[in-house]
Amino acid sequence: MVGSSLKSPEEISNNLSVLPRDFTWSNYDKGWTSLDIVFGRFFLNSAVIALATVLANCVSCLLAAYAFARLQFRGRSLFFAIMIGTLLLPHHVLLIPQYLLFNNFGWINTPLPLVVPKMLATEAFFVFLMVQFMRGIPRELDEAAKIDGADPYRIFRHVIFPLARPALVTTAIFSFIWTWNDFLPQLIYLNDLSHYTVPVALRLFVDSSGQSSIGPMFAMSVLSLLPVFLFFLAFQRLLVEGINTAGLKG
């Protein structure tokens, strides 16, 4: 893709080599400015939605996981089973009722449908990941904190939260990558060009007749991968640690 982003349209079709014969740096300039809005606006929209989703998922899923893993309440096993059962529901089954609901709220063409549900711990995968991690934390730590007079809130803040950092970072990384690369929900809920995110904006390089500005599209695709690559690179060690620990404990 990097090689194709530096080729002319003719060379993309004819040159099968990874390296271009003539470097066409103008693809990046055309991709950045050829649309009605500077492509940087789409990067800003994606960053706002992705970071808000990361924060919402980390907070809500951590609290829900703490309740399922450490607290005793009536119906806990039933509610946990129902939550795990939601993993079996295809996203497309929920698409129409969710759209009707958000349309009644007046949220269409805003980032709210993409962010607000994440505040309610709707990502069962992340809740399950954190529950499995917390079940591996010795309960003796909770008992020691209770002897010192700590209530469940202080136990969560001073015991569970610091120890759950690997699982929390894993959730943050996957949330960022999935949200940044997400296409269908953003295509459905965001209608104005100024609200588009990067995956939806990349589709604009292909017009209704099937003609495409393939060089600029490759160039912007390369740039769109950089935030994901850098985010993963920065937290790679904690990501692997979180996955390994969550898989071995419980």
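Student: Why is Trp-178 called partly exposed?

Tutor: The relative accessibility of Trp-178 is 43%. Buried means under 20% relative accessible area and exposed over 50%, with partly exposed in between (1.4 Å probe, protein chains only). Trp-178 therefore counts as partly exposed. Phe-125, at 36%, is partly exposed too. The model is predicted: local features need pLDDT of at least 70, side-chain atom pairs count only at pLDDT 80 or more, and totals for chains, interfaces and linings use all residues. Residues are numbered from 1 along each chain as its sequence is written, and side-chain values use heavy atoms, leaving out hydrogens and water.

Student: What makes Phe-125 and Trp-178 an aromatic pair, and why is the pair called tilted?

Tutor: Rings of Phe, Tyr and Trp (its six-membered ring) pair if their centres lie within 6.5 Å; planes under 30 degrees apart count as stacked, over 60 as edge-to-face and the rest as tilted. By this rule there are 22 aromatic pairs. For Phe-125 and Trp-178 the centres are 5.8 Å apart and the planes form an angle of 45 degrees, so the rings pair and the pair is tilted.

Student: How do you know that the charged end of Arg-135 sits over the ring of Phe-80?

Tutor: A charge sits over a ring if NZ of Lys or CZ of Arg is within 6 Å of the ring centre and within 35 degrees of the ring normal. The charged end of Arg-135 is 5.1 Å from the centre of the Phe-80 ring, which is within the distance limit, and Arg-135 is therefore listed as sitting over that ring.
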